[in-house]
Amino acid sequence: MLGTTPIRLRVTLITLFWVTALQFVPVPTSRADDLAPSLDLLTPAPAQNALVEFRVADVPLPGPDDNPFDPAEFDITVTFTGPDGRTLETAAFWHESGEWRARLLAEIPGRWGAVAGGGPAVAFDVAPAPPSSLGVVRRSGEILTEPGGSPYLALGENLGWGAVSDYEEWLGRLGEIGATWGRIWMADWSFGLEWDDTPLGDYRSRLQRAANLDSVLDLAVANGVRIQLVLQHHGPYSTLFNSQWEDNPYNRVNGGPLSGPDEVWTNPTARELFKRRYRYVVSRWWAHPGLLAWELWNEFDGVDGNWLHGTPAVRWHAEMAAYVRSLDPLDRPITTSYASGWLPDDGSVWRIPEIDIVELHSYLRLDQPLWFGLIVPPRLKFGKPVLIAEAGVTTEGPPGTLDPHGDHVFDMAWGGLMSGQAGTGMTWWWDNYVHPRDLYGRLAGAFAFARENKELLSGARPRLDLGF
């Protein structure tokens, strides 16, 4: 970028004027006027349902005073055209290697074309997918489906955060028992792109975390697992639950736009900054075969002043879910979650058209199969898949003294399948309970049964009307 002049590559001509005393004096146009971005294919052998990556060249590189994540400064549209005429449009993203990149997941093989901005078109061939490839999962009514239409069941556990080397072990063990699902947080201490060590809306100093997430998603694919990616968690916007509000860069005390955590739902500056971050996240990972779904919030009812059907939070979810859907050419499932999802609510969030999965969390010392059988069936009235995506017998720490042998993990896995969920109930404490105690065997039987009986489990949906 030249000086502070915004670069918009969606337009073919930019005319700038300086206002002087009594006349308009034309100013030379920026380099954006004559740009014709080119695409260099980086993937040696593009294949169906696999990540295909391009370098976007012949475009300006951001200077030290520029922000490559601000679409008002850099907006490079890349359009892919399939052999059947379908078009997929995304945005180029700034990569830690110091260049622009763009990604594609091609769901059909054959001759594809691509063009960036007003640059030259390039053509490339996509080979048919190998039998072990992971395709895109989508919602079909009350169930999630594989590309061929067969049911997808979420079989797994939470994998919130850790080093790449940790995921090699965790995903390796999950792959051995036939897992299909994991859930990872983009928290500030793990894969988060924005916190108090970055300017708001500028993620350059945290792009190594994005590279680490790439590596983890690659590991997930290698082990047959898809990842539900949590884009935001409650702690930074709570003074009561896992509070990080004092350190939150959105806090006005720290130079941010919010005088209180609850303003995250309504403050226009915060909403635009969230959209900027979501734009980068979707542009970078929409095409990764290891991605299952976007989760807008972990436990958004933990935000100060919020409740299950608080109008500002519902409106925020409607706006952001629609925005994320507009960014993702593959329309992957979108969800969000409640900490107190086991309590009655009016279903305002679940009725949002772009919210595809009803996600509940439950930590109670109860008979898990019986409890799941009570709280899941009433939520099926929304006509969407239901998942208890976090569950346990305590929130206080690893339940080793309560349950050293993982009996409740066994119960949650089977209880989830038998209650009408779109998968198993998902245990927490993956890193300091399940893995060190090698409790994967407590999940293996339920996973094997589910993989052999997907149609049966997905076709039988119990109904129970408890008034919520």
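Q: Which residue in β8 is the bridge partner of H95?
A: E99 is the partner of H95 in β8. The model is predicted, so local features need pLDDT of at least 70 and side-chain atom pairs pLDDT 80 or more, while totals for chains, interfaces and linings use all residues. Residues are numbered from 1 along each chain as its sequence is written, and side-chain values use heavy atoms, with hydrogens and water left out.

Q: What makes β7 and β8 paired strands?
A: Strands are DSSP runs of E of at least two residues, helices are runs of H or I of at least four, and both are numbered from the N terminus. Two strands pair if DSSP finds at least two bridges between them. Strand β7 (residues 93-95) and β8 are joined by 3 bridges, so they meet the rule. Their sense is antiparallel.

Q: What does G98 show in the hairpin of β7 and β8?
A: The hairpin has 3 residues between its strands, and G98 takes a positive phi near 85°.

Q: How do you know that β4 pairs with β8?
A: There are 6 bridges between strand β4 (residues 51-57) and β8, and the sense is antiparallel. Opposite A102 of β8 stands F54.

Q: Why is β8 called largely enclosed?
A: Buried means under 20% relative accessible area, exposed over 50% and partly exposed in between, with a 1.4 Å probe and protein chains only. In strand β8 (residues 99-105), 7 of the 7 residues are buried, so the rest of the structure largely encloses the strand.

Q: How do you know that both faces of β8 are covered?
A: One side carries E99, R101, R103 and L105, the other W100, A102 and L104, and all of these are buried.

Q: Why is the pair of F274 and Y278 called edge-to-face?
A: A pair of aromatic rings is described by the distance of the centres and the angle of the planes. Rings of Phe, Tyr and Trp (its six-membered ring) pair if their centres lie within 6.5 Å; planes under 30 degrees apart are stacked, over 60 edge-to-face, and the rest tilted. By this rule there are 33 aromatic pairs. F274 and Y278 have ring centres 5.9 Å apart and planes at 85°, so they are an edge-to-face pair.

Q: Where do F274 and Y278 lie?
A: Both are in helix α3 (residues 268-285), 4 residues apart, which is about one turn of the helix. F274 has 0% relative accessibility and therefore counts as buried. Y278, also at 0%, counts as buried.

Q: What makes F410 and W414 a tilted pair?
A: The centres are 6.4 Å apart and the planes stand at 50°.

Q: What makes R277 a charge over the ring of F274?
A: The rule asks for NZ of Lys or CZ of Arg within 6 Å of the ring centre and within 35 degrees of the ring normal. R277 lies over the face of F274 at 4.7 Å from the ring centre. K275 lies over the face of Y323 at 5.3 Å.

Q: How many cavities of 30 Å³ or more does the search find?
A: The whole structure has 2. On a 1 Å grid over the protein atoms alone, a cavity is a set of points where a 1.4 Å probe fits but cannot get out; a pocket is an open set with protein on both sides within 12 Å along at least five of seven lines; lining residues have an atom within 4 Å of a point. Points are joined across faces, edges and corners, and a volume is the space filled by probe spheres set on them. The largest cavity holds about 180 Å³. Its 17 lining residues include M186, E194, L231, Q232 and R277, the closest to its centre.

Q: Which helix gives the most to the lining of the second largest cavity?
A: That helix is α3, with 3 residues. The volume of this second largest cavity is about 70 Å³.
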